[in-house]
Amino acid sequence: MLNDAIPLLTKALGETVYMVVVSMAIATALGIPLGVLLNVTSKGQILESPILNKIVGSIVNAIRSIPFIILMVAIIPFTRLIVGSAIGTTAAMVPLVIASIPFIGRQVETSLKEVPYGLIEAALAMGATPFQIITKVLLPESMPSIVAQLTTVIIALVGESAMAGAIGGGGLGDLAIRYGYQRFRPDIMIATVIVLIVLVQLVQFAGNRLAQRLNKK
């Protein structure tokens with residue numbers, strides 16, 4: 001009975017991977033600089049700026065406080081403006097990116113705070129510029145932690161991409177709702193859950209291994 005669902009599962013898995021990979025790439029490219037900004041402008045840091053830090057932090061907290069399903073619906077006009085549609089895998093990536101950027105920013109900020117300030121002081125004593133400290137000290141020293149944090153974000157994205165299926169976002173979530181729930185196919189529902197579990201386990205395993213390899217301690 002499940003044989004007819006294999007092509008559907010394969011297609012849905014491909015859509016989910018596409019959504020997660022592209023969304024994660026864009027969100028990481030924007031989220032890491034955001035995390036750096038939050039860290040270096042905080043009290044006692046190399047570019048201390050309480051007002052800027054508070055403004056940026058408030059925006060980040062505001063976006064993070066919005067449940068993903070509400071965010072998806074709320075920005076439908078913006079999504080339509082960006083990609084020309086509010087339905088489909090490409091459209092689902094817009095709210096996925098918006099939801100992930102502040103999440104990554106906070107995670108990166110936390111990782112950067114773990115870097116001993118003595119290393120920063122040593123770099124300052126040698127005449128390093130703030131940019132050099134960020135690129136030569138903060139990011140390299142915190143990279144294992146950042147990778148571990150990004151792994152958590154990817155797993156969250158897998159869950160959110162499945163949630164995107166609730167409003168026609170495609171992927172495994174859409175398959176589970178349209179075929180598993182609406183057409184009373186518990187076999188497809190169970191298969192979808194298993195695929196999601198395996199996907200998350202693979203992501204966690206790969207993230208842990210990469211973080212271990214980057215850890216020089």
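**View 1. Ser 42 is buried, with a relative accessible area of 12%.** Buried means under 20% relative accessible area, exposed over 50%, and partly exposed in between (1.4 Å probe, protein chains only). Ser 42 sits in the loop between helix H1 (6–40) and helix H2 (50–64). Leaving aside residues up to four places away in sequence, Ser 42 touches Glu 48 and Asn 53. Contact means heavy atoms within 4.5 Å. This is a predicted model: local features need pLDDT of at least 70, side-chain atom pairs count only at pLDDT 80 or more, and totals for chains, interfaces and linings use all residues. Residues are numbered from 1 along each chain as its sequence is written, and side-chain values use heavy atoms, without hydrogens and water.

**View 2. Helix H7 (residues 130–164) has a kink of about 60 degrees at Met 143.** The kink comes shortly before Pro 144. The bend is the angle between axes fitted to the seven residues ending at a residue and the seven starting there. H7 has 35 residues, but its end C-alpha atoms are only 40 Å apart. A straight helix would reach 51 Å at 1.5 Å a residue, counting one less than its number of residues. Helices are DSSP runs (H or I, at least four residues), numbered from the N terminus.

**View 3. Ile 167 lies in the loop between H7 and helix H8 (171–181).** Ile 167 is partly exposed, with a relative accessible area of 30%.

View 4. Of its 217 residues, 43% count as buried. The C-alpha trace spans about 70 × 40 × 25 Å along its principal axes.

Notes. Helix = DSSP H or I, 4+ residues; strand = E, 2+ residues; numbered from the N terminus.
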